[in-house]
Amino acid sequence: MTGTRIQNLQMGLLLLLFALACQSRPSTVSPELRKRAVQELQQGMEKQEQWVKVHAAEYKLWLDYTDGVLETFLLEEKKWDQLSSYRIGVWRVLAQADPASRDSYIQKILRAFEDRNGPDRVHAAESLAKLGESLADLSPELTREVVEGPVNSLYVYTLWSTLQGSDTAAAREQLLDLALNPERDEIIRLQAAFVLRSEGVFSTASWKKLARAGLQEPKASLPRVYLLSAALMHAPEEERNSTILGEVKNALRDLKEAPSKGVRMEIAHALGTAGSPEDLPVLVALFENENPLMPEEEVPGEDLQAGANADVRAAAAYGILMLDRRQEYSLAWADWFVVAAYLAGMVGVGYYFSQKNKSERDYYLGGGKMNPVAVGLSLFATLLSSLSYLSYPGEMVKYGPVIFSGVLVFPLVYYVVGWFLIPRFMKLRVTSAYEILEINLGVSIRVLATFFFLSLRFLWMDTIIFITVHTAILAIFGVDPSHTLIISILLMGITIFYTTLGGLKAVVFTDVIQSGVLMGGAILTLLVVTLSFGSVAAWFPTEWPAHWGELQLGVDARERLTIGNALLTTFVWYLASSGSDQMSIQRFLATENARTARKTFGVSLLTTFVVQILLGLVGLAVLAYFTAFPHFLAPGETVTTSADQLFPKFIRVGLPVGISGLVAAGILAAAMSSLSSGLNSTSSVISEDLIKRFTRKSRAPQKQMAAVRNLSLFVGVFALLLSLLISKVEGNLYEVIVKVVNLFVSPLFVLFFLALFVPFATGRATFLAGLGSVAIAVAIAFFKFLGIEVLFILPVSLGVGVLLGTILSFLDVRLLGNTETMEKRSREAAIFKGFGESDKSARADTGKRTGM
């Protein structure tokens with residue numbers, strides 16, 4: 001093929017990708033209709049009266065269009081605080097709009113219910129039930145009195161509130177009997193059917209009974225629309241395509257011109273919540289008020305006020321926006337192509353470098369002469385991982401920028417690690433960092449460190465697999481959750497393949513590529529959001545959002561996050577990770593000397609700084625994006641309750657076709673980058689610190705390579721199995737990572753700190769200190785020990801471990817006469833003798849001693 005043809009082909013591919021990127025994703029509801037629906041709710045809240053205003057405000061809150069609701073209803077409260085029964089509606093809205101004051105409004109509504117002679121008891125019981133509050137818990141004696149009394153409206157709504165408790169089966173059956181009993185008063189039946197529509201959860205047999213009853217009700221029957229609505233909204237999965245459900249939907253559509261405000265509002269609610277795109281014309285007809293209600297068409301039991309048509313339009317607007325929210329977005333074929341091409345490239349890299357590895361040292365340390373910049377990028381990609389890529393934006397969305405203030409301590413981290421830790425590691429050219437512990441403190445401490453490291457890295461890899469699949473892949477690719485295990489196997493399988501083939505060289509090479517993809521994905525997100533808003537200033541917050549909480553500066557172990565906590569936690573994490581983690585030390589040892597190792601660490605810190613800032617900005621960008629465009633959120637989601645899902649969701653719905661696949665590949669890249677490093681370093685420690693340590697079998701180079709590859713395969717499979725347990729850990733994404741991944745970070749460093757910086761440390765004291773450090777970490781993470789926040793695990797467990805080890809070592813030497821410390825230090829001095837001359841002679845001497 002000629003050069004001209006190749007250039008034409010390349011240009012054609014670029015134009016194709018550009019054309020795909022310019023395409024917009026199809027939408028059920030047009031932007032114009034969506035805008036008009038939002039405006040209708042806003043006008044209903046601002047310009048209509050009383051209950052129309054309440055309904056419009058609640059629709060806005062349920063759809064996460066929260067602007068103006070709190071301010072409007074605080075004014076309504078001042079104006080109508082004594083007006084029955086509208087004040088109940090005002091308090092109900094405020095309880096939803098102002099979470100910080102929710103309890104006070106609940107108490108106001110409760111007092112209205114408890115006033116036996118008050119005019120608001122029915123509305124109060126109904127509102128408490130709608131707010132998910134159980135009167136059986138709030139006022140048990142009065143609730144018992146009502147449900148044992150006459151069957152009336154107060155009875156129905158009080159019974160509804162009991163469904164919020166634990167024992168609901170009996171109450172649900174009572175309500176079903178009330179709704180289906182033709183001998184009961186129509187208003188009572190209507191209210192019972194409305195409750196069933198709101199609560200749902202039917203067995204298949206009960207659902208069929210409900211659906212048939214709704215179809216058999218006379219068209220003029222008041223309960224009919226609510227029975228049909230309940231049947232549509234709560235149909236069991238196996239009935240989704242049944243004939244009877246189709247009849248239910250058709251019957252609801254036939255009622256769209258009923259002369260009743262309540263019927264029309266209920267149709268809009270039902271079709272928006274459980275309908276399909278084919279129902280949009282019905283909702284639009286109601287929204288456009290094509291057949292307006294007339295005052296003379298008032299029906300029994302309904303107060304048809306002047307705002308009836310406005311109420312119907314608001315309900316129709318809500319139905320349209322709900323239907324819009326329920327639209328499912330998916331990746332285009334171009335996105336899938338990009339992802340597939342990337343994964344294929346990773347396999348190719350593994351195969352290529354498999355031809356380059358000639359020895360076990362090549363496999364684990366890349367020959368010991370790798371480029372420091374490349375190794376630094378690899379270290380950054382390893383430590384950042386898909387966990388950070390996914391959790392940092394979510395943390396910014398939910399809790400604000402406090403955690404990112406930790407980057408201010410990076411210069412101190414660089415100085416301490418670069419001039420106090422790295423030179424000590426570079427003196428001994430070992431394959432496993434834990435050989436250093438054996439030299440100073442004995443075999444038992446090396447074995448304990450190996451156990452800590454393996455526990456840390458297995459938990460780390462488990463969390464990467466779980467979170468990448470559950471938070472990113474399911475959200476971006478729209479895959480059914482039942483396929484989680486298959487996806488996890490595929491993700492780990494590809495990583496195992498190219499890692500076991502290529503060793504550290506493949507890991508570092510792919511890490512460099514994946515670092516670029518990861519940063520590129522964050523930058524693309526910022527660009528797209530900026531273009532959507534017209535400028536950076538348009539999406540950058542101008543004031544501190546209320547849901548971030550109060551900004552605090554000091555250090556406080558009982559506060560989730562302060563500036564001081566962020567600085568301290570960041571410093572301890574980098575110090576502990578760089579000073580004890582085989583994954584970090586392995587990369588230092590893969591360079592030529594202490595100077596290049598410092599350069600490696602500096603590159604890693606600098607890149608991490610840039611990417612953390614980028615990911616923080618990504619969090620701000622997606623927060624602004626979904627606040628402005630909440631129609632992309634699923635029903636029931638808000639920017640705070642779904643903070644961890646916003647970035648993955650934006651990748652699917654916010655980025656142009658083709659670009660989504662590239663950023664999705666970036667997340668897969670970050671996950672596989674970390675998994676590959678984990679596989680390599682974990683198998684290295686198992687090989688050096690367990691297998692060789694206790695078997696001492698010598699093997700030919702070919703057999704050694706086969707053995708380490710098999711070991712990496714075992715590590716990957718074991719990590720995959722353990723990842724199934726991570727779903728049991730509670731907390732937001734960042735907290736799960738801290739709880740699971742950071743349990744052993746400080747305890748592991750405790751061993752190294754005592755070995756390197758406490759001259760009189762003894763083996764048995766250090767062993768107990770390590771166990772004590774783990775115990776305190778577990779107590780904080782899972783048992784809230786002394787009220788200490790989970791993000792304070794690292795400094796507390798490090799401080800406890802070092803203090804305990806120092807005290808026990810002093811007592812061991814002074815009181816018990818333990819002399820092992822001096823003997824170990826003498827051996828260390830003998831080994832280190834002559835290593836200060838030059839790194840070259842140090843490597844030669846160490847090579848003779850280790851046989852490498």
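**Salt bridges, rings and surface**

Author: Arg446 counts as buried, at 7% relative accessibility, where buried means under 20% relative accessible area, exposed over 50% and partly exposed in between, with a 1.4 Å probe and protein chains only. This is a predicted model, in which local features need pLDDT of at least 70 and side-chain atom pairs count only at pLDDT 80 or more, while totals for chains, interfaces and linings use all residues. Residues are numbered from 1 along each chain as its sequence is written, and side-chain values use heavy atoms, with hydrogens and water left out.

Reader: With which residue do the side chains of Arg446 meet in a salt bridge?

Author: A salt bridge here is a side-chain nitrogen of Lys or Arg within 4 Å of a carboxyl oxygen of Asp or Glu. At an N to O distance of 2.7 Å, the partner of Arg446 is Glu438.

Reader: Which parts does the salt bridge between Glu637 and Lys649 tie together, and how many residues apart in sequence are they?

Author: The closest N and O atoms of Glu637 and Lys649 are 3.6 Å apart, and both residues are buried. Helices are DSSP runs of H or I with at least four residues, strands are runs of E with at least two, and both are numbered from the N terminus. Glu637 lies in the loop between helix 29 (594-628) and helix 30, and Lys649 lies in helix 30, so the pair ties together parts whose separation in sequence is twelve residues.

Reader: How many residues of helix 30 are buried?

Author: Helix 30 covers residues 646-653, and its buried residues include Leu646, Lys649, Phe650 and Arg652. The helix is largely enclosed by the rest of the structure, because the buried count is eight of the eight residues.

Reader: Which residues form a cluster with Phe650 through ring pairs?

Author: Rings of Phe, Tyr and Trp (its six-membered ring) pair if their centres lie within 6.5 Å; planes under 30 degrees apart count as stacked, over 60 as edge-to-face and the rest as tilted. The structure holds 28 aromatic pairs. Ring pairs link Phe650 into a cluster with Phe533, Tyr625, Phe626, Phe629 and Phe632.

Reader: What is the angle between the planes of Phe753 and Phe757?

Author: Phe753 and Phe757 are separated by about one helical turn, because they are four residues apart in helix 34 (residues 745-757). Phe753 is partly exposed at 26% relative accessibility, and Phe757 is partly exposed at 31%. Their rings form a tilted pair, 5.4 Å centre to centre, with an angle between the planes of 45°.

Reader: How many residues apart in sequence are the parts tied together by Lys108 and Glu77?

Author: The side chains of Lys108 and Glu77 meet in a salt bridge with an N to O distance of 2.8 Å. Lys108 is partly exposed, with a relative accessible area of 24%, whereas Glu77 is buried, with 13%. Lys108 lies in helix 6 (residues 102-114) and Glu77 in helix 4, so the parts tied together have a separation in sequence of 31 residues.

Reader: Which residues does Phe810 contact, leaving aside neighbours within four places in sequence?

Author: Phe810 is placed in helix 36 and counts as partly exposed at 40% relative accessibility. With contact meaning heavy atoms within 4.5 Å, and neighbours within four places in sequence left aside, the partners of Phe810 are Phe760 and Leu815.

Reader: What is the accessible area of the nonpolar patch that holds Phe810 and Leu811?

Author: Patches are made of residues with over 30% relative accessible area and no salt bridge, like charges being joined within 9 Å and nonpolar side chains (Val, Leu, Ile, Met, Phe, Trp, Tyr) within 5 Å. Leu811 lies in helix 36 (residues 793-814) and is partly exposed at 34% relative accessibility. Accessible areas come from the Shrake-Rupley method with a 1.4 Å probe, and for residues only the protein chains shown count as cover. Phe760, Leu803, Ile807, Phe810, Leu811, Leu815 and Leu816 form this patch on the surface, with an accessible area together of about 690 Å².
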